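Here is a short briefing on one protein model.

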Amino acid sequence: MQFHHHGYVSADPRVHPAAGVGINRSEELPDTMDVLIVGAGPAGIITAAQLSHFPTASVRIIDRRPSRLEVGQADGIQARSVETFQAFGFAPQVIQEAYQITETAFWKPDTEHPENIVRTATSLDDEHGISEFPHLIVNQARIIDYFHEYAQRGPGRVSVDFGYEFIGLEKTADTDFPITVTLKITAGEHEGETRVVRAKYVVGADGARSGVRRAIGGSLRGDQAFHAWGVMDVLAITDFPDIRKKCAIQSHDGGNILHIPREGNHLFRMYVDLGEVGEEDHGKVRETTIDEIIAQANKIMHPYTIDVRDVAWHSVYEVAHRLTDRFDDAHAHGEPCDPNVFLLGDACHTHSAKAGQGMNVSMQDGWNLAWKLGYVLEGRSPESLLHTYSDERQVTSKNLIDFDKEWSTLMAKRPEEFASPTELEDFYVQTAEFPAGFMTEYTESVLTAADSQQQLASGFPIGKRFKSVETVRVSDAVTVHLGHHHRADGRYRVYAFADATGERLDQWAEQLLAADSPLRTFTPEGADLDSVFDVKAVYQQSHREVDIAAVSPLFKPLSGPFQLVDYEKVYAAIADTDIFAERGVSRDGAVVVVRPDHYVAGIFALDDVAGVTELLGRAFLPQA
C-alpha cells in the first residue's frame, strides 16, 4: 500500500482523496449520469467499486431494497474471487472472517448395511496448488459490504442509492445521455412515485428476472432438469462427525446432500435432494416446508441425525440452466451499433447453486465491463472497446453452464447409477481448476494478442489470468507475490523480465521512455508516467546483486504533486521459487502485458517494442 506521496496521511490510508465527481457528490439521485447500475448485488457492486477509480465519470448504483442486503443466498467464494478481493484490498479481512474449505469428504451407503452412510473418501481441496489463495465460505451480504465500502472510499465516492426500482428504459437520439430510464421509488416519503433519469450507459445487474434484460428484448434460454432441492442455513446439534467439513453425501434410497459449513463455526448449509419433479408440478414442490426438508435430511444421513435449533434461511429450487441471447443492446435496435446497455450476472446466466459459481462468475462479469467503461468515459479508448464485454463473457458463461450441467447431474445420481464407485470424487478432483475460477481464457481480439510468442513465458498463458509467484522487492528486501500488487486501480501492468546481464532490459526501458513509445503515446500529457501503465522489472539474480541506483528511471517513476520516486517496481527472483523457472520465462528476457482485470494480454521479446505498441494501439487512443 502506498500513501504520503500526496502529503502526510494520518487517517486510514485506504480512503483515497476525493476527486472529480466525488468531491461534491450529490446525495440525491441526479437527473443525468454517465453510468446507471441497476442492482447492488455482487455483479453490480464490483462494477461500482472499479468505476470509483474513474472519478471523472458520474456513476450511480440503485437497488430496489430500502437498505443493505442482510441474508445472501450465495456463499461459496472460489480462489479466483479471493484473488480479486486482493486486488480490491480486502482479501485478508475476508479470509479471517470466512470458513476455509481444505478438503471434501465423500459419504456413501455402507456395503453391508446400505441403510447407513459411511465415509468412503476425502479429497484435498487444492492438492495441485492451483492457487495461493484459499476456497472460502462467507455470506454474500458481507462481500457486498466490502465492495460497497471500497466504492465509497474510492476517489469517485460511489455509494448505493437504495429504494429505487427499475421500470423501463428507452433509447433516444440524445448523443450525451441516450438512455432514458423510468424508476419507481420504493421507500421513504416519496414511495410509489416515479422518477425519470437519463444515462449514457445502463448496466443491468438486476437478477434472473431482470427488467433491464426485458427492456432490450433479451430472454433467458435453456432447459430445466425437473429435479428439486431444498436448501437451508441452520444451527443444529448433530452426531455427524464431518459437520465442519464440506461433504458430498449419497444415500441408498433417500437421495443426496451437499453439505457446506458456514463462517462463524456453528452455522452450516445443506442442499437436500427432494427428488424428481414432474413437468405437471408447475412449481408446487416449492411449497415444501422446512420441516419436510429437515426430515428428508435426516433420512439421507441415517444413522446420524440433526436436531435443528434455528433456521437462518431456507428455500426450495428446481435446477435450471439458462443463458441470455444477448449481453448488451448492440443488436437490439435494428442496425448494429456500439452498446449502451449491458447485462451482468444472473441477468445473463442461471444455473444450479451446488458448483458455487453464481456470485463468483457474476463478479468477473462486472470487473470485465467496469474498467472498459472507465476507459471509454475518460477518453482512453474508443467506444468500440465495449463490444469485447459480450464477446468475452458470453463464451465464459456458456462454458460455466456446460460444466454445471455435468456437476449437478452427478450430484443427483443414485449410487447404483454411477459408472464407477469413485466417479463423483474423480470428477471433483479432475475439474478442480474450473470451479476455482481459473479456466477462463480469452481468445485473440483487440485486447488479446496471438500466442506466437507464448514460448517466452509459457507459464503465463495468453488470455488467462496472471498467476502470481513470490519475488523479492529490491529496494527493501521484502518478499512479495508479484501479482498481489496488481490492484484494481484501472491500470495495465507491464512486467519486464530481465535478460541475464540486464543489458537488453536497459535498452527496452530506454525505448519505452522515448517520446514516440506506447507509454508516452497513450498516457495523458502532464500525467504521472505510471498513471496508465504500471511497468515493473523482474531480475534473474538475487536482490542483493541488483544495483537499484543503476536501474532505469522507467522502473523508478516520479509520482504525485511532489514527484517522489516510487521504489516498488523493481523485483528479483528467489532461489527456491525462481519465477523464471516457475513460469517458464526465457532467460533472454520477456515482456508480459496484463490487463486491469488480471488477464494476460500479450507476451513479447525485449526487442519487440513494436509488438507492444501494436497491441495497445488496438484498445487505446493517442493522448498527446
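**Contacts and basis**

Of the contacts (heavy atoms within 4.5 Å) between residues at least 6 apart in sequence, 73% join residues at least 24 apart. The model is predicted: local features need pLDDT of at least 70, side-chain atom pairs count only at pLDDT 80 or more, and totals for chains, interfaces and linings use all residues. Residues are numbered from 1 along each chain as its sequence is written, and side-chain values use heavy atoms, without hydrogens and water.

**Overall build**

- The protein has 13 helices and 27 strands. These are DSSP runs, numbered from the N terminus: helices are H or I with at least four residues, strands E with at least two.
- The radius of gyration is 26 Å, close to the 25 Å from the globule rule for 624 residues, so the protein is as compact as a globular protein of that length. The radius is taken over C-alpha atoms, and the rule is 2.2 Å times the number of residues to the power 0.38.
- The C-alpha trace spans about 75 × 60 × 50 Å along its principal axes.

**Burial**

- Buried residues are 57% of the 624. Buried means under 20% relative accessible area (1.4 Å probe, protein chains only).

- Three strands form an open antiparallel sheet in the order β3-β7-β4. Strands count as paired if DSSP finds at least two bridges between them.
- β3 (76–77) and β4 (99–101) are the edge strands, each pairing on one side only.
- β4 pairs with β7 (residues 135–137) over 3 bridges, in the antiparallel sense. Q100 has L136 in β7 as its bridge partner.

Key. Buried < 20%, exposed > 50% of the residue type's maximum accessible area, 1.4 Å probe, protein only.
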